[in-house]
Amino acid sequence: MFDIDPDKPNTPGIARILGIFGMLSLICSIGSMLLAFSRYSWVNETYAIAGALAAFLFGTVMLGQAKTIELLAVISARVKSRFAMEHVVMAGSQPVAPKPAVSMTAQKDRVITIPEEEARKQGVTRAPRASL
């Protein structure tokens, strides 16, 4: 019933939002350009053209980011499915050796021994023993 297609994963929400706002910006840039050439008295042509160019650049950047995020989701899904398939094939062809058990014994402290002559040359003195 529910099938996950690694080539068409769910598009992340942020990519959909960026895509919608990018398309809206491109549509608004066309509207602003039409207003610039409409010769209405209340429209400043310079600002309308500058707004159209800014909206066009903003829209193309947003659409580019949306497509990049969408493709990153596709690549991530493909990589995950490829590694999953490789591990399934490897597990079927080779017997898996059991992992060694972890020992729970306490680790003993290290004891470093230095010959007495060497210790005297280096100026090392004996540490007092801790009483229990």
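## Largest pocket

Six nonpolar, two polar and three charged residues make up the lining of the largest pocket in this predicted model. The lining consists of V111, I112, T113, I114, P115, E116, A119, R120, V124, T125 and R126. The space in the largest pocket comes to about 360 Å³.

## Overall fold

The protein chain has three helices and zero strands, and its elements follow the order α-α-α from the N terminus. Of its 132 residues, 15% count as buried.

Contacts in the protein chain were also sorted by sequence separation. Among those between residues at least 6 apart in sequence, 71% join residues at least 24 apart.

## Helix α1

Helix α1 covers residues 13-36, which is 24 residues. From first C-alpha to last, α1 reaches 34 Å, close to the 34 Å expected at 1.5 Å a residue.

The buried residues of α1 are A15, L18, G19, G22, S25, L26, S29, S32 and A36. An α-helix has 3.6 residues a turn, so residues three or four places apart point the same way.

## Aromatic pair

One aromatic pair turns up in a search of the whole structure. The ring centres of Y40 and W42 lie 5.5 Å apart with the planes at 15°, and the pair is therefore stacked; planes under 30 degrees apart count as stacked.

The two residues were also classed by accessibility. Y40 counts as partly exposed because its relative accessibility is 46%. W42 has a relative accessible area of 63%, so W42 is exposed; the cut-off for exposed is over 50%.

Technical notes: Residues numbered from 1 in each chain as written. Predicted model: local features only at pLDDT ≥ 70, side-chain atom pairs only at ≥ 80, totals over all residues. Heavy atoms only, no water. Phe/Tyr/Trp six-rings, centres within 6.5 Å; stacked < 30°, edge-to-face > 60°. Buried < 20%, exposed > 50% of the residue type's maximum accessible area, 1.4 Å probe, protein only. 1 Å grid on protein atoms, 1.4 Å probe; cavity = no way out; pocket = protein on both sides within 12 Å on 5 of 7 lines; lining within 4 Å. Points joined across faces, edges and corners; volume = space filled by probe spheres on them. Nonpolar A, V, L, I, M, F, W, Y, C, P; charged D, E, K, R; others polar. Helix = DSSP H or I, 4+ residues; strand = E, 2+ residues; numbered from the N terminus. Expected span 1.5 Å × (residues − 1). Contact = heavy atoms within 4.5 Å.
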